[in-house]
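Hello,

Please find the structure we talked about below. My notes follow it.

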Amino acid sequence: MQIQITSLILGFALLVVSAPPIAAQIVKESANITAGKSTPDLSGVWKGPSGASDGYAFTKDTPPMQPWAAEKFRANKYPDTAPDSRGRADTDPVVVYCFPPGPGWLISYSANPFEIIQTPGRVIMYYQWDHWVRQIWMDGRGHPKDPDPTWMGHSIGKWEGETLVVDTVGLNDKTWLDKAGHVHTDALHLVERISRVDRSTLKVDVTIDDPKAYTKPWSGQRIFKLQPDLEITEQVACEDRLLHAARAPLVPAK
């Protein structure tokens with residue numbers, strides 16, 4: 001009996017040594033958990049309060065805008081110029097042109113639910129608003145040296161303790177920074193620090209750095225609550241316009 005037990009112990013030891021793709025990974029993951037290095041879990045569907053109660057800007061204070069950006073902001077707000085109130089619908093590119101919203105607009109509009117999905121090497125933010133997706137690369141890559149500006153930009157992330165730090169560049173200048181009507185340029189550098197305050201509360205601290213539109217970096221915050229019974233459903237932006245266009249008679253090409 002003692003010989004059999006000794007053989008089993010030796011056999012397990014040989015398995016760990018000879019099968020690194022499986023056994024070594026188990027040992028490594030166990031060591032990380034023991035050392036407190038397990039990946040924090042931010043997954044789930046999250047939603048904030050309605051914009052009216054939470055404000056439509058990242059901060060209730062007036063950001064340090066360049067003169068042209070301040071003038072554009074006033075035009076987007078007039079006659080209501082409160083920093084955190086809603087921008088005019090007839091000047092919001094998302095409303096007027098059905099433009100993609102951009103990451104800042106999506107974060108600031110906290111009543112819009114989104115889901116965080118964590119996978120190896122990547123964190124995905126899946127928004128209900130027109131089913132926009134943000135890909136946050138966690139595999140150690142950097143930003144492209146000269147990224148082509150896009151609506152959602154290029155995002156990379158890393159863990160700092162329990163906080164997910166998301167760094168986004170490569171954005172075009174066709175969107176509002178937030179639903180309040182603050183503008184930005186293609187020089188925008190957006191940093192989000194995302195952490196779980198408790199089981200049901202997600203905090204997103206945002207830093208905006210855009211020297212073309214603002215005289216210095218500024219910051220704000222958004223709070224979201226876990227929605228365990230909520231699923232991301234279909235939501236088609238400008239659906240009424242799409243249906244109207246579909247009913248319009250086709251014009252033959254000349």
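Arg 141 and Asp 139 join their side chains in a salt bridge, at 2.7 Å from N to O. Please keep in mind that this is a predicted model. Arg 141 is partly exposed, at 37% relative accessible area. Asp 139 is also partly exposed, at 44%.

How many salt bridges does the structure hold? The count is 10. One of them pairs Glu 192 with Arg 134, with 2.8 Å between N and O. Glu 192 sits in strand S7 (residues 189-198) and Arg 134 in strand S4 (residues 133-137), so this bridge ties together parts that lie 58 residues apart in sequence. Are these two residues buried or exposed? Both Glu 192 and Arg 134 are buried.

Asp 205 and Lys 203 form another salt bridge. Their closest N and O atoms are 3.7 Å apart. That still counts, because the cut-off for a salt bridge is 4 Å. Asp 205 is partly exposed, with 24% relative accessibility. Lys 203 is partly exposed too, at 27%.

There is also a network. Salt bridges link Lys 158, Glu 160 and Arg 193.

**Tyr 126**

Next, please look at Tyr 126. This residue belongs to strand S3, which covers residues 122-127. Tyr 126 has a relative accessibility of 23%. Buried means under 20%, so Tyr 126 counts as partly exposed.

Which side chain does the side chain of Tyr 126 meet in a polar contact? The partner is the side chain of His 131, at 2.5 Å. His 131 is also on the list of residues that Tyr 126 touches, once residues up to four places away in sequence are set aside.

Tyr 126 and Val 45 are 81 residues apart in sequence. In space, their C-alpha atoms are 9.0 Å apart.

**Gln 235**

Where is Gln 235 placed? Gln 235 is in the loop that runs between strand S9 (218-226) and helix H7 (239-247). Its relative accessibility is 27%, which makes Gln 235 partly exposed.

Gln 235 touches Asn 112, Gln 128, Trp 129, Asp 130 and His 131, leaving out residues up to four places away in sequence. Gln 128 is another partner to check on screen. Along the chain, Gln 235 and Gln 128 are 107 residues apart. Their C-alpha atoms are separated by 6.2 Å.

**The chain as a whole**

Finally, some totals. The protein chain has 7 helices and 9 strands. It is 254 residues in length, and 40% of these count as buried. Glu 192 and Arg 134 are among the buried residues.

As for surface, the protein chain exposes about 14,600 Å². Carbon and sulfur atoms supply 58% of that area.

Best wishes

How values were computed: Residues are numbered from 1 along each chain as its sequence is written. This is a predicted model: local features need pLDDT of at least 70, side-chain atom pairs count only at pLDDT 80 or more; totals for chains, interfaces and linings use all residues. Side-chain values use heavy atoms; hydrogens and water are left out. Helices (H or I, at least four residues) and strands (E, at least two) are DSSP runs, numbered from the N terminus. Buried means under 20% relative accessible area, exposed over 50%, partly exposed in between (1.4 Å probe, protein chains only). Contact means heavy atoms within 4.5 Å. A polar contact is a pair of N or O atoms within 3.5 Å; within protein, one must be able to donate a hydrogen and the other to accept it, and residues adjacent in sequence count only if both atoms are side-chain atoms. Accessible areas come from the Shrake-Rupley method with a 1.4 Å probe; for residues, only the protein chains shown count as cover.
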